[in-house]
Amino acid sequence: MIYEIQQYLRNISKSRSDEPAIIPDGIFSSETENSVRDFQGLMGLDVTGRVDYLTFDALVRENQRVIEEGKAPVQVMSIENSDLPLYYGKENEFVEKLRIMLDFVADKHSNFKHLERGNVFDRETESEVKRWQRVIAVADNGVVDKFTWNSLAEYYLL
């Protein structure tokens, strides 16, 4: 339940710039309490740092609103070696997650191009994968192997 609350807080914070993003770990730490306080203040609730019924209800509703508006980060799926590599022409759910993560990088770094959501590994995706591979100092071949996927997912989740 704590992990779920933290994920809601993270989704909401990613859609706003005025709340600190927490990393879900399942531990109700002071960081989680402070995020709850910030959220309660933002929503006009009693600021206690505790997740009571009203706070939880508001978290669920706000998280759903953020998801419906397409502003929430997508959960990054673990990827098995059998699902790799990803490369030009592939079309599947992992390509869609890849494009979302690359678009997130573009939000943070102007030298990356924004990608629209989609599940096709096109030339634009390949170009951005190569750009990411140069950043992480591996061969920029445009093919997503386990190392490229994990480095991108790690950056996305920070």
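Visitor: Why is E62 called buried?

Guide: Buried means under 20% relative accessible area, with exposed over 50% and partly exposed in between (1.4 Å probe, protein chains only). E62 has a relative accessible area of 7%, so E62 is buried. Bear in mind that this is a predicted model, where local features need pLDDT of at least 70, side-chain atom pairs count only at pLDDT 80 or more, and totals for chains, interfaces and linings use all residues. Residues are numbered from 1 along each chain as its sequence is written, and side-chain values use heavy atoms, with hydrogens and water left out.

Visitor: What makes R65 and E62 a salt bridge?

Guide: The term asks for a side-chain nitrogen of Lys or Arg within 4 Å of a carboxyl oxygen of Asp or Glu. For R65 and E62, the closest N and O atoms are 2.5 Å apart. They sit three residues apart in helix α3, so about one helical turn separates them. R65 itself comes out as partly exposed, at 30% relative accessibility.

Visitor: And what makes R61 exposed?

Guide: Its relative accessible area is 57%, so R61 is exposed. R61 pairs with D57 in a salt bridge at 2.9 Å, N to O, and D57 is partly exposed at 25%.

Methods. Helix = DSSP H or I, 4+ residues; strand = E, 2+ residues; numbered from the N terminus.
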